[in-house]
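Here is a brief report on one protein chain. Please look over the sequence and the structure before reading on.

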Amino acid sequence: MGGLVTRYALAKLESERVDHQTQTYLSFDSPHRGAWIPISLQALAHFLKATPAMSRQINSPAARQLLWRHIETADGTPRQDPLRTRFLEELERVGWWPRIPRLLGVANGSGSGTGNGVKAGVDAIRVTSGWFTGTTLRTQAGGTGVEVARLKGLLSERRVVTDDLPELDGAPGGTLESFGIAGSKLRLTGKVDIEPGTESICFVPSVSAVAVRDLDNQDDLYLDIEELSKEESELDDFMVSPRNDPHSFMSEELGTWILERLS
């Protein structure tokens with residue numbers, strides 16, 4: 001979030017004619033077009049009433065402003081949260097980007113259009129014993145009426161369905177151990193099977209980190225960014241990773257590029 005906060009702060013200072021004395025702006029895997037936490041995991045956070053901190057985290061102002069799609073309750077409809085809409089409107093009001101500094105950005109995700117290998121529509125987490133037996137969380141698949149979660153508790157049950165969302169879990173981008181973390185939490189209550197290879201998924205799509213495309217379109221998510229002209233980005237210059245690394249990981253390639261641009 002730091003990259004977006006700094007972007008807004010510099011643009012706001014310029015709109016108020018304040019000399020911010022900044023020559024170079026650098027964002028590091030910042031979600032300029034939005035970040036992704038699966039709807040199945042957001043619903044799970046709201047469903048686990050015994051751990052309200054998880055729901056509060058998903059509904060925090062920061063999450064609501066940064067996530068591309070958000071739900072406030074376990075039975076909510078995925079949408080752009082009103083707080084995100086207001087944040088984008090405020091960015092637009094102050095100029096969208098600062099104009100004085102050189103704008104640089106890097107992505108932890110691949111720029112070749114190669115995903116992270118997570119398949120769409122597979123069971124990522126299956127709870128087979130304990131309080132939440134029968135709970136299943138699936139990776140995001142495209143299409144209408146797609147079941148992404150079946151949540152079961154001792155006294156309640158909920159089916160979570162999405163419509164026309166792209167296959168974001170496997171998209172090129174900086175990764176987060178989203179299903180892995182959720183699985184670890186659920187293992188405190190019973191036996192949980194986590195499908196190998198689904199523990200870490202896309203968190204900040206590469207196209208978002210280097211501000212070249214929105215996240216609505218499946219083809220745009222898997223775009224070969226390396227073949228694009230630099231002019232297609234809102235940044236003046238950017239670097240993508242040769243692979244899909246964890247979000248905020250400082251690789252040798254990214255570090256070298258940054259130092260060369262700052263020297």
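## Ground rules

Contact means heavy atoms within 4.5 Å. Among contacts in the protein chain between residues at least 6 apart in sequence, 66% join residues at least 24 apart.

The model is predicted: local features need pLDDT of at least 70, side-chain atom pairs count only at pLDDT 80 or more, and totals for chains, interfaces and linings use all residues. Residues are numbered from 1 along each chain as its sequence is written, and side-chain values use heavy atoms, with hydrogens and water left out.

## Overall build

The protein chain holds nine helices and 10 strands. Both are DSSP runs, numbered from the N terminus: helices are H or I with at least four residues, strands are E with at least two.

Along the principal axes, the C-alpha atoms fill a box of roughly 60 × 35 × 30 Å.

## Surface and burial

The accessible surface of the protein chain is about 12300 Å². Carbon and sulfur atoms account for 50% of that surface. Areas come from the Shrake-Rupley method with a 1.4 Å probe; for residues, only the protein chains shown count as cover.

Of the 263 residues, 49% count as buried. Buried means under 20% relative accessible area, exposed over 50%, and partly exposed in between (1.4 Å probe, protein chains only).

## S206 and its surroundings

S206 sits in helix α7, residues 206-209. Its relative accessible area is 1%, so S206 is buried. A polar atom of the S206 side chain lies 3.4 Å from the backbone oxygen of G109. Setting aside neighbours within four places in sequence, S206 contacts A107, G109, S110, P172, G173 and I225.

## Around α4 and α5

D81 lies in the loop between α4 (61-66) and α5 (82-93). D81 counts as buried because its relative accessibility is 0%. Beyond residues up to four places away in sequence, D81 touches R64, H70 and E72.

Q65 belongs to helix α4. The C-alpha atoms of Q65 and R84 are 3.9 Å apart, although the two are 19 residues apart along the chain. Not counting residues up to four places away in sequence, Q65 touches M1, L83, R84 and F87.

## Salt bridges

A salt bridge is a side-chain nitrogen of Lys or Arg within 4 Å of a carboxyl oxygen of Asp or Glu. The count by this rule is 22. One of the pairs is R69 with D216, whose closest N and O atoms are 3.6 Å apart. This pair links distant parts of the chain, 147 residues apart: R69 is in the loop between α4 and α5, and D216 is in the loop between α7 and α8 (218-221). R69 is buried at 17% relative accessible area, whereas D216 is partly exposed at 45%.

R79 and E72 also meet through their side chains, at 2.7 Å from N to O. Both are partly exposed: R79 has a relative accessible area of 38%, and E72 has 36% relative accessibility. E260 bridges to R261, with the closest N and O atoms 3.5 Å apart. R261 is partly exposed, with a relative accessible area of 27%. Elsewhere, salt bridges that share partners join D123, R138, E147, R150, E157 and R159 into one network.

Key
Polar contact = N/O pair within 3.5 Å; in protein donor to acceptor, adjacent residues only side chain to side chain.
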